[in-house]
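Please open the structure in your viewer and keep the selection tool at hand. The tour moves from one selection to the next and says what is to be found at each stop.

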Amino acid sequence: MSVETPLISDFQPFPSASTEGSLAGVRVGVVTFPGTLDDRDAMRAVRLAGGTAISLWHGDHDLRGVDAVIIPGGFSYGDYLRAGAISRFAPLMEQITAAATGGPGALPVLGICNGFQVLTEAHLLPGSMIKNNSLHFLCRDQRLRVENADTLWTSDYAAGEEIVVPLKNQDGQFVADEHTLDELEGEGRVVFRYVGENPNGSRRDIAGISNAAGNVVGLMPHPEHAVEPGFGPDSSARGEVDLRGGTDGLGIFTSVLKKLVG
Amino acid sequence: MSKKFNIDTVANAEATPGQALPWAELGLKQNEYDRVVEILGRRPTGAELAMYSVMWSEHCSYKSSKVHLRQFGDKVTDAMKEHLLVGIGENAGVVDIGDGWAVTFKVESHNHPSFVEPYQGAATGVGGIVRDIISMGARPVAVMDPLRFGAIDHPDTARLVHGIVAGIGGYGNSLGLPNIGGEVVFDSSYQGNPLVNALAVGVLRHEDIRLANASGVGNRVVLFGARTGGDGIGGASVLASESFDDAKPSKRPAVQVGDPFAEKVLIECCLELFKASVVEGIQDLGAAGISCATSELASNGDGGMHVELTKVLLRDPTLTPGEILMSESQERMMAVVTPANAAAFEAIMDKWNVEYSWLGEVTDTGRLIIEWDGETIVDVDPRTVAHDGPVYERPYHRPVWLDGVQADSFKGSSTDLRAAVLDLMSSPNMCSKDWVTNQFDRYVQGNTALAMPDDAGVIRVDEETGLGVALSTDANGRYSYLNPYEGARLALAEAYRNVATSGAKPLAVTDCLNFGSPEDPEVMWQFAETVRGLADACQELGVPVTGGNVSLYNQTGGVAIHPTPVVGVLGVFDDVARRTPSGWREDGQAIYLLGTTRNELDGSEWANLRGHLGGTPPVVDLAAEKTLAAVLVNSSRDGMIDAAHDLSEGGLAAALSEAALRFGVGARIGIDELCERDGIDAFTALFSESQGRAIVSVPRSEEVRFNDMCTARNYPTLRIGVVDTENSALDVQGHFTLPLAELKEAHEGTLPKHFA
């Protein structure tokens, strides 16, 4: 039994910003676990980028034919044990893991915040997230540098480009052993790095990483909250000050859509 | 263990009329206990006593405040009801915002639990108000938290600040609700009694409104969500309805413990129940737990209910029936479901892995019967529990000390205005609250159009049209201490002004009235004056109170807090894209001051900084506030202003500083013409807290139109300066220049210095 759009049942869809080309033909699945919070926002981001967002339920055994998957932010299962530690056992995670590790043409997967934590727990990405070094939940607009613009999720950016997207989490400190960190650096798998003051103590200022194949990316800050003028951060990396006008996160979603169309 | 441990049945109560019961320990007074015996015609069972004790507590029954609160209903005109879909008396009021959309919102207190156990107290305060919103049939879309602590440097303050802020964040962030505003105030009057108020707002379609009643004989009653545990027993009575006293034992067991994950699942599960139309009536379990839910549902519906209490799923199997009835375990809901919908209900519970138990059914007997393993332990008329509690006409009189306080006007001034501005902006109440608000998620749901530090929080409701709402909460305990009638009107005026400053049309009011002990006639007078002032002001501004909460006994020993009526105002936007931020951005825009400045420093932040509290608060002119609001809303809608910031605590000095720091853009300001026009000195111009004022930035191309509008409405305006992006400073010409970097450092350093 498949369950339709569990968390967005009362959500009014609206026309996507772009209808050109066949971006709308690209189906991006957004997974909802119990306790997921930013699923509706990730779906909105996919639509604003021009794609078609598909709601996926953690308990299902079917990826519904999606071309890519986003595991959004939140506190799945309350994060009471370890962030992501229970979600990774969800039936749908088996499907995602199998599809994401299938060699060339493997399923593109993006984990944002709690989604990144789920991906590390599922061993699709190395390392782990521990509590912020401030010991507090931290919400702020965060400047990042795109270190690798060759992944499926970053190709619309230039390497070295800086972006501003909201950061909001409690367990955002990325840690891994020195060997793993060296490997990530050496293989160009550090995809995003914090610029300026490190917000949470993450090793080597790492904000996002990819797997060796480059199809699976995890990112702690929230690009889906910097996609719509009027509802994003007050600034963009270009230094313009605008009232919640920052849309620097949109490139993440357009990247994967264009790659999949191409 | 047998379920039949020492059960005090109705039969047993009849057989043992002389048995002593612990009614005093449960918070009942002698006359109240006698009344229970009179109603029942016998002594109550232990379970009945538990129910009456919590439901007749001050917190649940409003027994001291009821006679005054009637004014909120009595003073509502038909015109004020125009947008009201559900008024006072339900879980929360519901307001029509157009296009078939409705908004429900309410503010509540969780003061006492938060003092005893800051993290859990504050967390469950968020949880409780959010369940009120869900039970109206709405999706919660935002929260706000007006907070008041003791002196910033008192040794106990850090414990409370850390725990309360983390608790609000821990719970609210996990629910996926943006926190869009609130207040953080420090004042030694709240030392032994911090105020933790929580506001939630939800949206729904008109047709989705749900009410809490149990109708339809034979319909089934179900309890779902978290299991019932031993936490929060007596939370409403012995904790929330008594003053703190060092001599008494710790009340920690009366504090509830929250599980935000369970609540998040409960939200989604309830919304799915509503969408599938499988519940007839629904009630959240908050204060007084199952006692409240069963008696209110039954008395608001067909009048009867039959419940088997052993069916309640427990965390702790040793709980007694009385404890089960009194427990305030969180994340629970009770619903009434037709037998035909039972299977559909169960399927939705199973999908979300929510536990449930069918407790009984609706009857038309007029009795609430609760059985324990087949034996009757409660047999009452539910109305006597839920609605017929005691009502007191508490004596009150104007405090004798008030004349002396009001005669003691503030005389101080300062000639070093630059230093004075820095002092003000780094003071505990005027400093940046980023350290607090950065611990809350303001982005989630993607509809936040404004949040802290702007004047109001703004949330988009309809993604296609941009229809949305603005919310602001305000109170000034010092003003209310000096004059509670005017203080209440000032609180409403400020919240109303804040909402209009953001560009929204004010529509409705919620309030949380925080006071000391009602048994003190002077406190009771403050309360009576506050309600009178607020009800009058609502009538004058044409905005109805839709719901709220009264929190009494906010005192430790004999010292009460300042009377603190927290007023929340809801406004509506046709399109949130038209919202106005509090800071300017564009070089060369003209800065105007709206309103008149008088020498009104009594009760001000500046006087507070100098340790002075006396005199009379600023004059309130609600007709002027109405005009100012119309000017602000029209200017925003017609694109005549790019920024607007209200003048309140800290006066013009604070407003200019905050408007400059909002986007880090400076300004050149001249105040000499203002001083001449209003007959005041420069210090007064900057620090007076005269009402009915705001600053706006106007694009050059709009100046004529803007001035014409203000002239047509006969509202005083004065061009006091210009936005200056070149010079990163607040330059008050002829008086001082403050580089924004220096101002920012002073403004943002205070909270981290004390708490980081």
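**Before you start**

This is a predicted model, in which local features need pLDDT of at least 70 and side-chain atom pairs count only at pLDDT 80 or more, while totals for chains, interfaces and linings use all residues. Residues are numbered from 1 along each chain as its sequence is written, and chains are lettered from A and ligands numbered from 1 in the order in which they are written.

Helices (H or I, at least four residues) and strands (E, at least two) are DSSP runs, numbered from the N terminus.

**Stop 1**

Select residues 27-32 of chain A, which form strand β1. Five of the six residues of this strand are buried, where buried means that 20 or more other C-beta atoms lie within 10 Å of the residue's own, exposed means 12 or fewer, partly exposed lies in between, and C-beta atoms are placed from the backbone.

Is helix α1(A) mostly covered or mostly open? It is mostly covered, since 10 of its 10 residues are buried. The cover over these residues includes β1, β2, β3, β4 (109-112) and α5 (250-261) of chain A, contact being counted when the C-beta atoms of two residues, placed from the backbone, lie within 7 Å. Just after α1(A), select G50(A), which takes a positive phi of about 110°.

**Stop 2: where the chains touch**

Show both chains together: the contact takes 34 residues from chain B and 34 residues from chain A. On the side of chain B that touches chain A, the elements giving two or more residues are α8, α10 (260-275) and β14 of chain B, and the largest share, eight residues, comes from α10(B).

**Stop 3: two helices of chain B**

Select residues 118-134 and 157-175 of chain B, helices α7 and α8, which pack at an angle of about 35° with their axes 7 Å apart. Axes are lines fitted to C-alpha atoms, for helices over the stretch in contact, and angles run from 0 to 180 degrees between N-to-C directions. Among the residues of α7(B) that meet α8(B) are G121(B), A122(B) and V126(B), and those on the α8(B) side include G163(B), I164(B) and G167(B).

**Stop 4: a six-stranded sheet**

Still in chain B, find the open sheet of six strands in the order β14-β15-β16-β21-β17-β18, with mixed pairing. Strands β14 (448-450) and β18 (545-551) of chain B stand at the edges, each with a single partner strand, so one side of each is left without a neighbour in the sheet. Strand β17 (residues 505-514) of chain B runs parallel to β18(B), joined by six bridges, and the bridge partner of T510(B) in β18(B) is G547(B). Helix α19 (residues 484-501) of chain B lies across β16 (468-474), β17 and β21 (564-573) of chain B, at about 25° to β21(B).

**Stop 5: one buried alanine**

Select A535(B), which sits in helix α20 (residues 521-541) of chain B. A535(B) is buried, with 23 other C-beta atoms within 10 Å. Leaving aside its neighbours within four places in sequence, A535(B) is in contact with Q71(B), F72(B) and K75(B).

**Stop 6: a seven-stranded sheet**

Finally, find the open sheet of seven strands in the order β23-β25-β22-β26-β24-β27-β28 (chain B), with mixed pairing. Strand β22 (residues 590-594) of chain B runs antiparallel to strand β25 (residues 694-698) of chain B, with five bridges joining them, and L593(B) has I695(B) as its bridge partner in β25(B). Helix α22 (residues 622-637) of chain B lies across β22, β23 and β25 of chain B.

Key. Two strands pair if DSSP finds at least two bridges between them.
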